[in-house]
Structure formats: structure tokens, C-alpha cells
Amino acid sequence: MGNSGQNRTEEEIERLRHALDAEIRRGLEVQRQLDRASAEFEEFVSMAAHNLREDLRDVASYSQLMAETYAGRLDSDAGVFLDRIQQGAARAQSLLTGVVDYWATGTRDRQSSRADMEAVLRQALLSMDKPITERSAIVTHDPLPRVCGDFEILTKVLRHLIGNAIEYCDAPSPRVHISSRRENLDWLFSVEDNGPGVDTAFQGRIFGVFKRLHGKEQPGNGLGLAFCKKAIEGHGGRMWMESAPGAGSTFYFALPPAE
């Protein structure tokens, strides 16, 4: 009886082992299929975005060419129509770039990379020389550390945050200050501005996709802050803001250290 019971136990263990092996194999096959589908979709998005950019460039270029070629020969309505076409093409190009950036934040291995946030900030500011000069903006920062993260994506995060601070500031000279401090196991960054601030009632939705506090009279596509939050969370971090009307805004985000 003892040997019989032991044999049944061993047989049951063996059946369970075979069942577990089969489940693992099925799981691996599903993962391979998902990886293949993701790669195919990534290629599709890349090609679609490329073709759409080409078409939008044609719309913008030919409408500009028409405006220059027929200057003085078009009535006022035609001039308004061409201007609307150019504005629409520019908004569509901005929206397309925002959508691709937002989608791409979920397709990279970010936490295995290392980024020097001093270099990230320098790169962000280099790409923003024109708006900084035009608005006489002052951007300052404390010493910034190295973190786990993707250099290109973190550059876009700082560019969005600094760009918004400059764009929506109603003061004669926008001011932005970037600082960091160690908090528990992470580095906590802050981007503080002297803008108009955001009412508490709107702060919960400001990171939502296509959520805007300003209408079309202000540039933007409603994806910038949504991209920033998704990018930071994709790095294993978190992001939030503190603000009050008339008192400016401070955006916080935490990232793992590069140690």
C-alpha cells in the first residue's frame, strides 16, 4: 500500500510538471506572437507617420507658394483661406509628432539606460534657443545627477516642461528653475515657473490625453504633459504638479538613480 501511494504521488507530480511545461511553452509562444505583432505595428506607425509628414509638408509648401506667387492678385477671402490651410497643416504636423512621441514611450527599454541630467538639460535648451531668446526667458538650474533613463525621451520631457512654462507665462520675462534632491531611493526633480498658475479644479486633468486648459488660440496639441507623465512612469518614476492661480506652477518627477 505504501509503495502504491508513493507511485500515485510521483505520477501526479509528473503530470503536474508536464502541464506546467506545456503552459510555459504556450506562454512563450504568446509572447513571441505579441513581440512580432508589436514590431509589425511599430513599422506600420513609422511608415504611416513618414507618409503623412510628406503630405502635410506638401500642403504647407504649396499653400505658401500660392500665397507668394499670387500676392496682390488674391482677394481678402482667398488670403484668409490660405492662412487657415497653413495653420491647419502646422497643427496637424504638431499633432502627428505628439502622437508618435506618445506612442513611442511604450516601445523602448528605458530603465537599462543611463542619462546625465545636466547633459539632458543642455540638449533641451539648445533646441529651445529661439523661444527663450524671443521671450527673454531666464532658465536656471542647480547641479543635476545621473539617473536611469533614456537620454532622448528625458530631453523631450524637459523640453515640454520648460516650453510650456515659457509659452504660457504672462510675465515680461518668464523664469524657470530646475532643481533636484534625493528622496528615499529616487532623485526628485522640480521644474518651477513664474507663470499664471493652474486652479486646483483643473490640476487633476492636466496630464490627460488631448486635455488643454487653453483653446486653439494658444499653440499646442494637448499631448505634451500626457507624454511627460507616461514617459516618467515608463522609467519607473512618478510625476505630479503643485500650483495656485497667480503663484506659478511646479512640476515634480522622480526617477531611479544611476547607481
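## Core and sheet of a predicted model

Met117 touches Leu144, Pro145, Val147, Leu154, Leu158, Phe189 and Phe253, leaving aside residues up to four places away in sequence; contact here means heavy atoms within 4.5 Å. The model is predicted: local features need pLDDT of at least 70, side-chain atom pairs count only at pLDDT 80 or more, and totals for chains, interfaces and linings use all residues. Residues are numbered from 1 along each chain as its sequence is written, and side-chain values use heavy atoms, with hydrogens and water left out.

**Overall layout.** The protein has seven helices and seven strands. Both are DSSP runs numbered from the N terminus, helices being H or I of at least four residues and strands E of at least two. Along the sequence the pattern is α-α-β-α-α-β-β-α-β-β-α-α-β-β. Of the 259 residues, 32% are buried, where buried means under 20% relative accessible area, exposed over 50% and partly exposed in between, with a 1.4 Å probe and protein chains only. Among contacts between residues at least 6 apart in sequence, 72% join residues at least 24 apart.

**The sheet.** Five strands form an open sheet with mixed pairing, in the order β2-β4-β5-β7-β6. The edges are β2 (138–141) and β6 (238–243); each has a single partner strand, so one side of each is left without a neighbour in the sheet. From one strand to the next the twist averages 15 degrees. Helix α3 (residues 117–126) packs on this sheet and touches β2, β4 (175–183), β5 and β7, its direction making about 175 degrees with that of β2. Axes are lines fitted to C-alpha atoms, for helices over the stretch in contact, and angles run from 0 to 180 degrees between N-to-C directions.

Strand pairing requires at least two DSSP bridges between the two strands.

| Strand pair | Sense | Bridges | A residue pair |
|---|---|---|---|
| β4 and β5 | antiparallel | eight | Arg182 and Trp187 |
| β5 (186–193) and β7 (249–255) | antiparallel | six | Glu192 and Thr250 |

In β7, Ala254 is the bridge partner of Leu188. The strands β4 and β5 form a hairpin with two residues between them, and Asn184 in the turn has a positive phi of about 55 degrees. Seven of the eight residues of β5 are buried.

**The nonpolar core.** A nonpolar core is a set of buried Ala, Val, Leu, Ile, Met, Phe, Trp, Tyr and Cys residues joined through side-chain atoms within 4.5 Å. The largest one has 36 residues, and those with the most contacts inside it are Met117, Leu158, Leu161 and Phe253. At least two residues each come from α3, α5 (151–167), β4, β5, α7 (224–234), β6 and β7. The largest share, eight residues, is supplied by α5.

At 1.5 Å a residue, the 17 residues of α5 should span 24 Å, which agrees with the 24 Å between its end C-alpha atoms; the expected span is 1.5 Å times one less than the number of residues. Buried residues of α5 include Leu154, Leu158, Leu161 and Ile162. At the start of α5, a side-chain oxygen of Asp150 reaches to within 3.1 Å of the backbone nitrogen of Glu152. In α7, the buried residues include Gly224, Phe227 and Ile232. Gly236, which follows α7, has a positive phi near 85 degrees.

Technical notes. A polar contact is a pair of N or O atoms within 3.5 Å; within protein, one must be able to donate a hydrogen and the other to accept it, and residues adjacent in sequence count only if both atoms are side-chain atoms.
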